[in-house]
Amino acid sequence: MRLLRFSLPLAVFLYPIPNLRAADADFAKWWPQFQSAVAKADAKAVAQGVNFPIQWENGPIRQILSAAELVQHFDKYFTPEIKKMIATKKPEKWGNGEYGITWKARGNEYSVFFKPVGSGFALGGLSEGPP
């Protein structure tokens, strides 16, 4: 009985670990594809799986309403600075299952984040705020 009392909570605690590893593997597979799509300005690939509208806080821009809008104005949303961050920074895993890249510029802190979608990931948005 003592063994059961100890092992059941341990099993419940350890149960999510394989799922977390699977999410890490899914992100590791998705990330280079996303980087490549951004580098090639393949807006349709970047928009894949995104649940529009998304927040896109960059100066006067506050959101991207649709995939069509992202395709039409890709270079306005993915500035050279944002493209460079995606090309060079390593995303960090956040506690909510999302991943993100954070950097400071012009007195603000920016974060591009990526959300789990099915067995993969998708662009979640860009946030801007004080550091």
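A search of the whole structure finds 17 aromatic pairs, where rings of Phe, Tyr and Trp (for Trp, its six-membered ring) are paired if their centres lie within 6.5 Å, and are called stacked with planes under 30 degrees apart, edge-to-face over 60 and tilted for the rest. One of them is the stacked pair of F27 and W31, with 5.8 Å centre to centre and 15° between the planes.

Before I go on, a word about the model. What you see is a predicted model, in which local features need pLDDT of at least 70 and side-chain atom pairs count only at pLDDT 80 or more, while totals for chains, interfaces and linings use all residues. Residues are numbered from 1 along each chain as its sequence is written, and side-chain values use heavy atoms, with hydrogens and water left out.

Where do F27 and W31 lie? Both are in helix α2, residues 16–39, and they sit four residues apart, about one turn of the helix; helices here are DSSP runs of H or I with at least four residues, strands are runs of E with at least two, and both are numbered from the N terminus. As a general point, an α-helix has 3.6 residues a turn, so residues three or four places apart point the same way. F27 counts as buried at 5% relative accessibility, and W31 counts as buried at 9%, where buried means under 20% relative accessible area, exposed over 50% and partly exposed in between, with a 1.4 Å probe and protein chains only.

W31 also pairs with F114, this time edge-to-face, at 5.2 Å centre to centre and 65° between the planes. That pair links distant parts of the chain, since W31 is in helix α2 and F114 is in strand β5, residues 108–117, 83 residues apart. Ring pairs join F27, W30, W31, F34, Y99, F114 and F121 into a cluster.

Let me now step back to the chain. It has six helices and six strands, which follow one another along the sequence as α-α-α-β-β-α-α-α-β-β-β-β. Of its 131 residues, 36% are buried.

Helix α6, residues 80–88, shows how burial can be arranged along a helix. Which of its residues are buried? They are I82, M85 and I86, and seen down the axis of α6 they fall within an arc of 95°, so they line one face of the helix; the arc is that of the directions from the helix axis to the C-beta atoms. The face turned away from the buried side carries the exposed residues P80, K84, A87 and T88.

Finally, the backbone has some features to look at. Most residues other than glycine have a negative phi, and most peptide bonds are trans. A41, in the loop between α2 and α3, has a positive phi of about 55° although it is not a glycine, and this residue is partly exposed, with a relative accessible area of 37%. R106, in the loop between β4 and β5, also has a positive phi, near 55°, and at 55% relative accessibility R106 counts as exposed. A cis peptide bond, with omega about 0°, joins F52 and P53, and P53 is placed in the loop between α3 and β1.
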